[in-house]
Amino acid sequence: MPPSLPRRRFLRQLALGVAVAPFVGCASRSTGFEIGVIADPQYADIPDRGTRAYRASIAKLGAAVEHFNARPLDFCVNLGDTIDREWRSYDAILAPLAASRHRWEHVLGNHDFALLDGEKTQVDARLGIAARYRYFDRPGFRFVVLDTGAVSTYASLAGTEARQEAVAELARVKARKLPQAQDWNGAVGPKQLAWFEGVAADAARRGLKVVVFAHHPVAPVGSYDAWDATEILAALGRHRNVVAWFNGHNHAGGFAQVEGLPCVTFHGMVETPDRNAFATARFLTDRVILAGHGREPSRELVFRV
């Protein structure tokens with residue numbers, strides 16, 4: 001047991017799958033900067049179902065926050081599906097974040113809208129989201145948050161033009177017989193994709209590398225991908241300064257490399273009653289080092305040139 005950890009806290013972290021060893025990698029604390037990453041807490045006050053332990057996410061998120069608080073992180077990101085269902089779930093799962101000393105960026109997932117229509121319009125404010133797709137800069141990097149549910153049946157309201165557009169788009173995806181033709185997926189859509197390309201081009205002019213946060217994966221091909229994954233990948237290919245894609249949604253996690261671009265699917269925190277899943281990511285000039293905890297593996301991702 002590390003000498004700095006009281007026995008009770010050590011055993012608690014061990015039970016939740018929290019790594020208690022110090023960060024190891026090729027960077028010192030004076031090199032680059034580090035962020036915290038979680039995906040799919042998907043909390044609800046309901047019994048476990050299959051491999052999902054919904055109530056356990058409160059303690060798991062609390063353990064992740066405790067770990068993050070002990071590190072000089074720049075910010076933390078939640079890759080979506082904060083809740084599984086019901087508006088009251090937000091109060092419970094966001095409570096552990098009140099103890100966080102770091103700023104959080106929230107990505108919107110499909111389960112975040114498993115609500116009544118009147119409640120769906122309040123999700124952004126509840127999570128402190130000023131814009132569903134946005135960007136912010138750090139030294140040498142531009143972080144872009146995309147809304148892969150901008151066109152979706154789950155986030156749109158019944159009887160609206162947005163819902164009609166989403167239904168039509170899902171029908172087109174089904175007609176193409178794509179595996180991601182599922183109502184739990186969505187698309188960024190042409191408007192947002194054009195915005196992204198402008199943001200990426202501007203970043204290149206400023207000498208910034210781009211890292212994308214999203215809920216849905218774009219690779220490898222599968223039933224959890226964004227509806228317009230092909231169009232998104234084409235845009236990513238046109239901007240070589242995009243160096244990483246981070247997403248959640250597929251709780252099993254995953255990794256793909258497309259034209260040298262690493263695409264990481266982070267494991268869902270909600271899975272299993274006793275093993276956590278989160279990571280820290282240290283950004284260097286030529287790579288990012290992921291230190292995984294619990295079910296999340298560690299990786300070293302070298303940026304494409």
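Guide: Gladly. Bear in mind that this is a predicted model. Start with Q192, whose relative accessible area is 2%.

Visitor: Why is Q192 called buried?

Guide: Buried means under 20% relative accessible area. Q192 has 2%, so Q192 is buried.

Visitor: Where is Q192 found, and what is in contact with Q192?

Guide: Q192 is found in helix α7. Setting aside neighbours within four places in sequence, its contacts are Y133, L146, D147 and A150.

Visitor: What makes α7 roughly parallel to α8?

Guide: The axes of α7 (residues 189-205) and α8 (residues 229-238) cross at roughly 15°. Angles under 35 degrees count as roughly parallel. Therefore α7 is roughly parallel to α8. The two axes also come within 10 Å, and the crossing is right-handed.

Visitor: Which residues meet where α7 contacts α8?

Guide: From α7 come L193, F196 and E197. From α8 come E231, I232, A235, L236 and R238. The residues of this contact divide into 5 nonpolar, no polar and 3 charged.

Visitor: Which residues touch the most other members of the largest nonpolar core?

Guide: That core has 26 residues. I35, L79, F143, F213, F246, F266 and F283 touch the most other members. Strands β1, β5, β6, β7, β10 and β11 each supply at least two of its residues.

Visitor: What does F283 touch?

Guide: Not counting residues up to four places away in sequence, F283 touches G32, F33, I35, F141, F143, V211, F246, V288 and F303. A second, separate core has 24 residues, including I38, W104, L115 and L127.

Definitions and conventions
Residues are numbered from 1 along each chain as its sequence is written. This is a predicted model: local features need pLDDT of at least 70, side-chain atom pairs count only at pLDDT 80 or more; totals for chains, interfaces and linings use all residues. Side-chain values use heavy atoms; hydrogens and water are left out. Axes are lines fitted to C-alpha atoms, for helices over the stretch in contact, and angles run from 0 to 180 degrees between N-to-C directions. Helices (H or I, at least four residues) and strands (E, at least two) are DSSP runs, numbered from the N terminus. Angles under 35 degrees count as roughly parallel, over 145 as roughly antiparallel, 65 to 115 as roughly perpendicular and the rest as oblique. A crossing is left-handed if the near helix is turned anticlockwise from the far one by less than a right angle, and right-handed if clockwise. Contact means heavy atoms within 4.5 Å. Ala, Val, Leu, Ile, Met, Phe, Trp, Tyr, Cys and Pro count as nonpolar, Asp, Glu, Lys and Arg as charged, and the others, Gly among them, as polar. A nonpolar core is a set of buried Ala, Val, Leu, Ile, Met, Phe, Trp, Tyr and Cys residues joined through side-chain atoms within 4.5 Å. Buried means under 20% relative accessible area, exposed over 50%, partly exposed in between (1.4 Å probe, protein chains only).
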